[in-house]
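Subject: Structure handover, salt bridges

Hello,

Please find the structure below. My notes come after it.

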Amino acid sequence: SGGGAFFGQNDTRNLSINVPERLACPGAGEIAALLKVAQSIPTNSPLHAVVKSSRLRKDLTKNLRKLEDLDWSTHEHKHLMKSLVTHLRTRSALTTLNGWDSSTPKLSTEGASSLALSAINKDQYDEIDTTVNDSLDLTGIKLDAGSQKIFYTNIKNTLASPKQRRHTKMNLARTQYAVCEINAETPTSAQIWKSIRDSDTPRNIRSFLWKGLHGAYKIGDFWDKIPHYEHRGSCGLCGALESMEHILIECESTVSRVIWDAAKNLWLKREPNWPVIKFGTILGCNLTIIRNTKGKKKLGSTRLFKIIILESAHLIWKLRCERAIKFGGDKDKYHCETEILNRWIHAINLRLKFDRLLTDSMRYGKKALRTETVLQTWSGTLQNEDNLRDNWIQKSEVLVGMALRRPPGRNR
């Protein structure tokens with residue numbers, strides 16, 4: 001995250017701030033730049049700041065009292081904002097805050113944007129002093145301002161945080177890298193954890209993502225520590241050491257190949273490009289954004305991508321569990337290619353059915369899905385779509401445009 005402060009052409013006071021990783025978050029660059037300015041300008045000299053973010057202006061004016069009553073606990077830039085407010089309060093000269101508009105000189109807006117962009121490309125982070133003057137530091141939350149959720153969250157934050165597991169760190173890094181490849185923006189760890197609680201994701205898949213991020217499944221090298229059970233750590237299809245990445249992506253068996261080919265074929269019915277699917281892509285699927293040629297988010301395609309990726313990955317895992325537990329590793333009982341494909345088509349059709357049912361506002365009220373959302377999600381993927389009416393939500397026999405296969409046999 002980077003920010004810039006433009007004083008004038010070739011002015012030595014111009015600032016370009018590359019925010020340290022511990023403070024980095026969307027919007028941190030502009031706050032850090034304003035903080036640096038407040039620290040560098042003498043307190044008895046007038047300061048007239050023009051900021052781009054309307055939220056920053058509101059947080060320093062309209063929302064200030066409420067945020068201070070909550071000790072900034074609900075703000076993602078707590079330390080930066082507390083320091084900024086205290087430095088602004090120590091000023092004795094006139095201080096004004098305005099927003100960008102049509103009257104803002106083009107030279108100023110372009111200069112600030114250029115400085116912010118150059119900050120991102122810096123090799124090293126800039127040091128930012130976020131210390132707060134004790135005499136101006138308002139600590140604690142007002143009892144009449146907080147809620148049970150806020151109090152509980154802050155009590156948890158005062159406790160020592162548990163040591164993060166090695167597998168968790170590695171999976172978070174993989175997820176950040178994979179999401180950045182698609183979005184061109186690296187998500188924070190907090191955003192990744194929040195994404196797996198997406199209400200649009202079924203509860204069993206949320207649990208699957210959470211355990212996948214933590215590396216909590218008992219597979220692979222877990223069994224190396226248990227005498228006489230080391231063989232359980234090997235893949236039942238190819239014999240390689242199992243890991244969640246191997247099961248979902250790397251194993252060259254029929255299961256993953258059939259499912260990911262089917263997912264790709266369904267996706268290509270409406271979108272021209274199928275991204276490379278990595279383990280991190282699956283874990284961070286709820287953060288990915290599909291954009292059009294103008295860079296605008298395509299809501300329907302983004303939601304369809306999440307459904308296809310998560311349902312496909314979860315089905316691969318379920319089939320693996322059936323082979324290892326239900327079939328006891330008996331290869332004669334393993335799923336054939338036709339069964340795998342039919343199971344995948346059934347899973348996608350089931351999500352389509354649930355989407356249609358969840359649009360019932362009479363039953364689900366405010367929690368009901370918007371009809372427009374469902375139409376945008378599945379448009380271009382349906383069977384005999386040209387013969388369907390524009391609003392096909394109430395039509396029960398609507399299916400995705402991939403037919404089930406019949407098993408081979410006589411007269412079939």
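Predicted model: local features only at pLDDT ≥ 70, side-chain atom pairs only at ≥ 80, totals over all residues.

Residues are numbered from 1 along each chain as its sequence is written, and side-chain values use heavy atoms, with hydrogens and water left out.

A salt bridge here is a side-chain nitrogen of Lys or Arg within 4 Å of a carboxyl oxygen of Asp or Glu. The count by this rule is 20 salt bridges.

One of them joins Asp71 and Lys82, with 3.2 Å between the closest N and O atoms. Asp71 is in the loop between helix H3 (64-69) and helix H4 (78-89) and Lys82 is in helix H4, so the pair ties together parts eleven residues apart in sequence. Helices are DSSP runs of H or I, at least four residues, numbered from the N terminus. Asp71 is buried at 10% relative accessibility, and Lys82 is buried at 12%. Buried means under 20% relative accessible area, exposed over 50%, and partly exposed in between (1.4 Å probe, protein chains only).

Arg257 and Glu337 form another salt bridge, their closest N and O atoms being 3.7 Å apart. This pair links distant parts of the chain, 80 residues apart: Arg257 is in helix H11 (residues 254-267) and Glu337 in helix H14 (residues 337-357). Arg257 is partly exposed at 40%, as is Glu337 at 33%.

Finally, a network of salt bridges links Arg55, Asp59 and Glu76.

Regards

Definitions and conventions
Helix = DSSP H or I, 4+ residues; strand = E, 2+ residues; numbered from the N terminus.
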